[in-house]
Amino acid sequence: MRLIISFLLFFVLNIGFSQKKQISEQEYLRLQDKIRLHFNANVDSALVYAYQMEKSNNNKHLAFANGVMSVFFQRKGNTKEAQKRYKAAFYYLEKIPESNEKIQMKSYIYNYGGLAEWTRGNFSKALEDYQTGLKFSTQIGDVKQIIKIKGNIALVNEAVGNYQLSIKNLKFLTVFVDENEGVFTKVELLNYKSNYNLGLGTAYESYFMKNLSKRYLLDSAEYYYKKAINYSQNFVDNKISAQLSLGNLYNWKHDFKSAEKTYYDVIFLAQQNNIIDAVCIANYNLGDIYYTTKKYDKALVFFKKCDSVAAISDTNKIAYLKSNFYQAKIYNILKKPDLAYKHSKIYLDNYELYEAKLSKEALEVNYKQGVDGLAAEMISIEKKYQNDVFLSRGLKVFYVLMFVGIVFLLIKNIRDKNKAHKKMNALIEEFKANIEKKNNTEFEIEEKEELVFEQEEIQLKKENVNLSIDEAKENKIVEKLLALESKHEYLNADFTLPYVAKKIKTNTTYLSYVVNKRFGKSFGEYSNELKINYVINEMITNHMYRKYSTQAIAESVGFKNAVSFAKSFRKRTGVSPAQFASNV
């Protein structure tokens, strides 16, 4: 038994070790650059490169990979995995021989530990980790790492309200980076300038929110946000954050026109890059502008957009909560009790769940509206309209019953009228039948033509059974067919097998064979499908086309009459052209 267990353990360990491989130093540095490039912009992409690095059997590589992944998993909300990775980073760190390389790795890991703690909101622990990392990077004179950690320390000071110290540190770092421009690559230089100018803008704006009388702080914030946007052309997250914050500044200054334009720019850029949170916040802020300027209908549009985006993103619950707060207020102003009650109830039902977070968001840059008295106001709206809503619902039930009674009487009346008109309708049908006989003469001729055409195709299919042509010739026929498709030749009434065969300089037998082989259908089915697909597309994209009669549509795509067109259309869609048009 012990022998079997030993064998299994050996087998499992052998598989585990076989997955590890030697990664060259050059490949390690390349993966480091990739991780840092995507560090702020795209967590998932950065994780992919970290996983590649983790396949190494080098302890230094494994320490770095696990350290950086502790940040990524924390950003994704997986604290347990983040802590596990951070512990693993120190495990591999201890295996590295004593050297400057090991000291540098300690600096990296403590910096990543600080970032993970900062993401959790543990600012004191984050500061402790940063200072430890700074001690190690200073010990070996790692200038780039010193700058990174000092920048992170400045952000911690900003987060805890030490705005003046944060501003002082960030200004120092901005000057230092400019003075040592030659030390950095172009990407690194732009990244630092983007981060530090964004940090300065945020610090000045946050400082203003603590001192609302100092309006000049907004001018400083605007200056640095604009610089951040300029340096963030390759850093989408930073650019969006800076633009969003710049819109808030214009909002504070009551420059609503500039704020509105900026938020629209944010929505466009965020949608292009699938940054859902920013889309939600920008829609919320636009709703806030229109609410402030008493454009209530427009405000409702954007608050509802905010709700829709929040529904697909768990990180936007605060935006969803506050948009419902404003919607309740707007419907209260517009004297719409049902909707005011509905949205105040949504707010109150979710308030307790997010109360602590909402209070924290009161000072968040991208949500300038505070929370004082919000719950109390929603309770007053809910109580105010509670009786009205119940009365309104009772009236609705009464109206429904009354409507049902009226409908019943109308149906009875219609049935009585139908009996009276029955004889007259019989006469009308008799006249219609006589008229239809005249019209059917032409249709019967076409039916015969179609029958002959179908018989020809059946004959061609029989011939095709034993037919074979080389692939190059097939490809040439298909290529010519697709060229005719692109020119919409199939809309012509004479788009028949003989016509097309002549057009593309082949014979009907070859053409029928290729269509059957490549498209899995007869030429007639192929032709009809092209026509019907064209009609479906036009109906969906052209509202004027939907207004045409069935006959007009049939003629526009080369059918000789509306009956055969409608038959083909129903076969393709399951409904008549009119039904389809009315449901687009």
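This is a short tour of the structure, going from the whole chain to selected side chains.

Begin with the whole chain on display, bearing in mind that what you see is a predicted model. The protein chain is made up of 25 helices and has zero strands, and of its 584 residues 42% count as buried. The chain exposes about 33,100 Å², of which carbon and sulfur atoms supply 56%. Among the contacts with a separation of 6 or more, 62% are accounted for by residues 24 or more positions apart.

Next, colour the aromatic residues, for which a search of the whole structure finds 31 aromatic pairs. Select Tyr28, Phe39, Phe64, Phe72, Tyr108 and Tyr112 together, and you have one aromatic cluster.

Now turn to the salt bridges, of which the structure holds 20. Start in helix 2 (residues 25-37), where glutamate 27 and arginine 30 lie three residues apart, about one turn of the helix. These two side chains form a salt bridge, and their closest N and O atoms are 2.9 Å apart. Glutamate 27 is partly exposed, with a relative accessible area of 26%, and arginine 30 also counts as partly exposed, at 35%.

Move on to aspartate 219 and lysine 253, whose side chains meet in a salt bridge at 2.9 Å, N to O. This pair links distant parts of the chain, since aspartate 219 belongs to helix 11 (residues 216-231) while lysine 253 is in the loop between helix 12 (236-252) and helix 13 (256-272), 34 residues apart. Aspartate 219 has a relative accessible area of 45% and is partly exposed, as is lysine 253 with 29%.

Finally, select lysine 298 and glutamate 260, a salt bridge in which the closest N and O atoms are 4.0 Å apart. Lysine 298 is in helix 15 (residues 296-310) and glutamate 260 is in helix 13, so the pair ties together parts that are 38 residues apart in sequence. Both count as partly exposed, lysine 298 with a relative accessible area of 37% and glutamate 260 at 22%.

Methods: Residues numbered from 1 in each chain as written. Predicted model: local features only at pLDDT ≥ 70, side-chain atom pairs only at ≥ 80, totals over all residues. Heavy atoms only, no water. Phe/Tyr/Trp six-rings, centres within 6.5 Å; stacked < 30°, edge-to-face > 60°. Helix = DSSP H or I, 4+ residues; strand = E, 2+ residues; numbered from the N terminus. Buried < 20%, exposed > 50% of the residue type's maximum accessible area, 1.4 Å probe, protein only. Contact = heavy atoms within 4.5 Å. Areas by Shrake-Rupley, 256 points an atom, 1.4 Å probe, with all protein chains shown as cover.
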